[in-house]
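Subject: Structure for you to look at

Hi there,

Here is the structure I promised to pass on. Have a look at it first, and then read on for what turned up.

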Amino acid sequence: MENSKICLLAFLFPFFCFAQTFSGKVIDKITQQPIETASVYFDNTTIGTTTNENGEFSITYSDAVQSTLVISYLGYEKVLISNYRFQNNVTIELVEANNALDEVYIEYDDGLTRRQKLRLFRREFLGTSKFGKSCKILNEDDLILRYDKGNKSLYASAKSPVRVENKALQYEIAFDIIDFEVEFRYVEIKTSTFTVNTVAFHGTSFYKDLKNSEKKKTFKNRETAYEFSVQRFMRSLYNKNLRDEGYWIYYGKLRVEEWSYFTIEDIADSDLKKVKLKDKVTILYNKELQSELQIKVDEFFVDVYGNYTPITGVYFSGIMGSQRVGDSLPLDYGLDN
């Protein structure tokens, strides 16, 4: 079975029980001039805004928002702010990005045509599910793709956030790639045979509802995506109701008592919980859909909304491990409920 992994950035902090507003001003570090229309958003959510003509912005968040605040503008290095709860009215200086290294690879002959690399990128970035297949990348010309023949790996970066139109889930996603790597176990270029060994990528993302987001079919598709998601499993883990939510845990071929393998501990003065896993386990959902979970860290932390950290070191394979951007939902999905 392929050991497929998705690494997405997320940072968790203690909850506050009221809505707050974070304000600031975005300027060019060299000229000290304001930057208009810079994007300001909470990573992997639908919560975002842009700066005005004076470079100013104001964004409101609740206790449910646990992800990093991203400030991004084309041609500049983005800024990530994780301690926004403890500061306000800040001035954020953006520095022009140096893309010289990426430009070197645009015409680099690495053994694969751009068409081949695009096909592989689409498959592993968007996914092959019905939701993944409904997706379209709107700015493929901004992608920089490089294949390393020595270690049989595909790497990707982009000049700007990758814009994905997900027709099935009715989101437009702006995904700013930080790292993307697909390592192949077997490659035969003549027959276009590429057997994937691992997939690992992470970045920041912002979700925007499309015009048909209120339709009944969209609601149904989003609920289906949520039902099989890592996000739902993590929320169930937090609430210690895995069995009630339809999850059975196996060690080897034997079904086991879930809490003899998972240890969930409350953390003083925090709404986060600490999770430990004794050994690699198989997760059976609805008595038929199988995933595996293995952690290579001593522990990880999860909140009631399914956010967890660290991401790297917590690895899913099977159904949940095969999910890609095309199957993803924003972290604030379902919070109104």
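Let me start with a pair of charged residues. In this predicted model, the side chains of Asp-110 and Lys-117 form a salt bridge, with 2.9 Å from N to O. Are these two residues buried or exposed? Both Asp-110 and Lys-117 are buried.

Lys-117 is one of the buried residues of helix 2, along with Gln-116, Leu-118, Leu-120, Phe-121, Glu-124, Phe-125 and Leu-126. Helix 2 covers residues 114-126, and at 1.5 Å a residue its 13 residues should span 18 Å; the C-alpha atoms at its ends are 17 Å apart, so the two agree. After helix 2 comes Gly-127, which has a positive phi near 95°.

Two of those helix residues matter for the next topic. The largest nonpolar core holds 37 residues, and Phe-121, Phe-125, Leu-143 and Phe-184 have the most contacts inside it. Helix 2, helix 4 (216-227) and strand 13 (193-209) are among the elements that each supply at least two residues of this core, while strand 12 gives the most, with eight. Leaving aside residues up to four places away in sequence, Phe-125 touches Ile-137, Val-162, Phe-201 and Arg-324, among others. Arg-324 is also linked with Arg-123 and Glu-124 in a network of salt bridges.

Apart from this core lies another, of 26 residues, including Tyr-238, Leu-242, Ile-264 and Phe-300.

Four strands make an open, antiparallel sheet in the order 16-17-20-21. Its edges are strand 16 (262-266) and strand 21 (308-309), each pairing on one side only. Two bridges connect strand 20 (residues 300-302) with strand 21, and Val-302 has Tyr-308 as its bridge partner. Helix 5 (residues 230-239) packs on the sheet and touches strands 16, 17, 20 and 21, its direction making about 90° with that of strand 20.

Back to salt bridges, of which the whole structure has 12. Glu-258 and Arg-243 make one, with their closest N and O atoms 2.7 Å apart. Glu-258 sits in the loop between strand 15 and strand 16, and Arg-243 in the loop between helix 5 and strand 14, so this pair ties together parts 15 residues apart in sequence. Glu-258 is buried, at 5% relative accessible area, whereas Arg-243 is partly exposed at 41%. Another salt bridge joins Lys-274 to Glu-265, at 3.9 Å between the closest N and O atoms; Glu-265 is partly exposed, at 32%.

Methods: Residues are numbered from 1 along each chain as its sequence is written. This is a predicted model: local features need pLDDT of at least 70, side-chain atom pairs count only at pLDDT 80 or more; totals for chains, interfaces and linings use all residues. Side-chain values use heavy atoms; hydrogens and water are left out. The expected span of a helix is 1.5 Å times one less than its number of residues. Buried means under 20% relative accessible area, exposed over 50%, partly exposed in between (1.4 Å probe, protein chains only). Two strands pair if DSSP finds at least two bridges between them. Contact means heavy atoms within 4.5 Å. Axes are lines fitted to C-alpha atoms, for helices over the stretch in contact, and angles run from 0 to 180 degrees between N-to-C directions. A nonpolar core is a set of buried Ala, Val, Leu, Ile, Met, Phe, Trp, Tyr and Cys residues joined through side-chain atoms within 4.5 Å. A salt bridge is a side-chain nitrogen of Lys or Arg within 4 Å of a carboxyl oxygen of Asp or Glu.
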